[in-house]
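Thank you for passing this structure on for comment. Please read the points below alongside the sequence and the model.

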Amino acid sequence: MKATVNYMDDPFEFIPSTLKQRCQWVVFRLEIRNGKSTKIPYSSANPSNYANVTDSHTWSTYGEAVQAMQKNDVNGIGFVFAREDAFCGIDLDHCRNPKTGEIEEWAQKIITDLDSYSEISPSGTGIHILVKGTLPPGKRRKGKIEMYDQERYFCMTGNSCKGTPRDIHERGFELELLHSQIFGTAKPDHNSPPIPNLSLLISNGFDDESVIVKAKQAINGDLFSALWEGNFEKYDSRSEADLALCSLLRFWTGGNPQRIDCLFRQSGLYREKWDEKHYSDGRTYGQATIEQALKGSTEIYQPKSHGQDFRSSEIRFPLEVLPSPLREYTQKLAEALPVPIDLVGVSVLVAAASVIGASRVIEVKPGWHESPIIFLAIVGDPGTLKSPMLHDVLQPISQYQAKLEKEFNEAYFVYKQDKLVYEKEKQLFTKGKRESPPCEPQEPTMKRVRVGDITVERLGVMLSENPEGLLLACDELSAWVKSQNQYKGGKGADRSFYLSLWNAAQIIIDRQKTSPIIVNNPVMSIMGCIPPAVLPELQDKENREDGFIHRILFAYPKPVRPYWEENSVPEEIQQNYENLVKGLIELRKELHPSILKFTPSAKETFKVWHDAHVEEFSSPTFPPNLKGFYAKLRGYCARLALILAVCSDPKTQAVDRESVEGGCALTEYFKAQAEAILPLLNPGKPTPEKRCEQAILRNLETNKEQTRRNIQRSVSSSPEIFHKVLDGLVEAKCVMKMKNPNPKGSEIFKLAKEDR
């Protein structure tokens, strides 16, 4: 079994988790070589043997390195830079006063320009900076500066420099410039504009990392990610793949050829051919590829303000933040049904939250606690396989509920037998044939983990009987809303009940004939499906801002065509998912809930996100109808981080930074979804022309190509309105008219372009 490190006892907590996850660690000893103190690497598995920076068999995991340091006579741990990873280290020597902490100006400028994880060297006199990027060919050492991206190792301290990022960022562009400034190895292109200063904001204001993140989160993010990693299997040649990636980079960089070149060099497609001269005028293969990409569409990415476009068109579901059992199951189930990956991803999060229930709470700060409670609405038209998806995701919970029912039936059978004996013994006591009264057996209660449509009063009873937590799951969420107050003429307090439930606040239900129901820590998640046209029913009928709808997370992805899919979820992946759910269920047996806190770096990450988030929706120009959603996302971010942390390790005693980063990414996704459903909440009454337009676009979104006649059959409009609207969409370039291979055939139409 490989060694692991408890986050609360981690001696190097601030070392980025992206490094800790890699099996590239060694330990080192300070030894005198040629009269000079030298840090010699040793194997963590056997600290008596040397480690070799070119032999991965002598490296180990982070946990093994820490244990070796704690149990053996070594001076510290080190990380090896390998050809296979994306990391580069910059060593700034003799630039820091160990007594005052003052850093020399030349070194501070490099630290500021690179703006990535930086830590103080073991001696206290130097600085190590780690970035993502590839060094250009040439020298690696000059004076007090060294730069390596392979076959070297850094002694790591975790003593991060104040004011520097806690993560390792993409800095390929800045790295190349720094290397050029120090070693003079850059090859200038006299036909291109000069390279700008490092501090200059370029193109649309995004640094390399932001460009890559946005490109990966776009609707075509899977394509970009594959090309970025060097996967060109979908193309007939590598040259076509090179051009495709450059075309995508053109969109995200504003058509800046220098930035396209710099980013391409960081991708997995980059190879020596890029710099080879292929033309008589001296142009390289790379220059010609970029020129060809720039001749394509002139469309570029330009961020718009809220209300002008929906970020749902730019942000995809961050599947990568889910722990492995959830991530693999989500991907395979989405492929097998098929459904959008969003629908499975958000559903497994709620399923996990519901079984964690009251067993775990996160303390954001003293006085601010969040329970893993999620209210989720899956928005989609009928026939998009939402119900089968929910059935599959909830199957492990349904199996557990069936087990509880079986246990209840067995206990109830015994109870009935004991009840008969009790009645006989009671009669004997009444007749004086028994000295003492018998003890009446207690009727068993069926434990529940899941409920369906239910009244508030009955739900109060269920919560009091099941303090571990519940899940309310229903195929049609609108039925849940309609059922509220149905027995009280619409004048009850059901919505207030659910407002309190979302906060896990004490619930008191007064009853006329019996004692009141009091639940001190109610924990229940809610999930269900709802058609877009029914969304307005979630709002208060009197249009009061009671905050009910703001407590709901929405998932409204673009539908996929449900073509026949032969595959199913592999047995091993299905089993891993079920085992995780069973492990989370075991937590419910603990007598008291565990209150988890952030690790120091996780708390710092959350604080930075929190303040940026608050600043965003506090802007005077921020849409008022979004503020309610954004305000509740503060708590949701902490809840999502808690769920990710517990799913990663059900026994964890702290929420680590990686889980917080995942919670932030998920919250950004839900921001976009809230923005996307806003027009559906207050749609107004559309004109006949508008209804016709929506029907045409919906038809063409589901069916890639359609004849005019087939489109008209799906639209409930008069022929005059239909032809006018369709021709108008063609004129507006929303719909494209295509040539039919059959000269006598009808016109064929398709959407003019896919949303990015």
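The numbered points below take up the basis of the model, strands, helices and cysteines in turn.

1. The model is predicted: local features need pLDDT of at least 70 and side-chain atom pairs count only at pLDDT 80 or more, whereas totals for chains, interfaces and linings use all residues. Residues are numbered from 1 along each chain as its sequence is written, and side-chain values use heavy atoms, with hydrogens and water left out.

2. Strand β3 (residues 76–81) is largely enclosed by the rest of the structure, because six of its six residues are buried. Buried means under 20% relative accessible area, with a 1.4 Å probe and protein chains only; strands are DSSP runs of E of at least two residues, and helices are runs of H or I of at least four, numbered from the N terminus. In a regular strand the side chains alternate between the two faces of the sheet. In β3, Gly76, Gly78 and Val80 lie on one side and Ile77, Phe79 and Phe81 on the other, and both faces are covered.

3. β3 runs antiparallel to strand β1 (residues 25–33), to which four bridges join it; strands pair if DSSP finds at least two bridges between them. Phe28 has Gly76 of β3 as its bridge partner. Five bridges link β3 to strand β9 (residues 152–156), again antiparallel, and Phe79 stands opposite Phe154 in β9.

4. A five-strand open sheet has the order β5-β6-β4-β8-β7, with antiparallel pairing. β5 (118–120) and β7 (141–142) are at the edges with a single partner strand each, so one side of each has no neighbour in the sheet. Two bridges pair β7 with strand β8 (residues 145–148), and Lys142 has Ile145 as its partner in β8.

5. Helix α13 (residues 395–430) packs against helix α17 (residues 571–587) at about 50 degrees, with the axes 9 Å apart; axes are lines fitted to C-alpha atoms, for helices over the stretch in contact, and angles run from 0 to 180 degrees between N-to-C directions. Pro396, Ile397, Gln399 and Tyr400 of α13 meet Tyr577, Glu578, Val581 and Ile585 of α17, contact being heavy atoms within 4.5 Å.

6. How many disulfides does a search of the whole structure find? The search finds zero, a disulfide being a pair of cysteine sulfur atoms within 2.5 Å. For Cys474, the nearest cysteine sulfur is that of Cys529, 8.1 Å away. Cys474 counts as buried at 8% relative accessibility. For Cys664, the nearest cysteine sulfur is that of Cys637, 3.8 Å away, and Cys664 counts as buried at 10%.

Notes. Buried means under 20% relative accessible area, exposed over 50%, partly exposed in between (1.4 Å probe, protein chains only).
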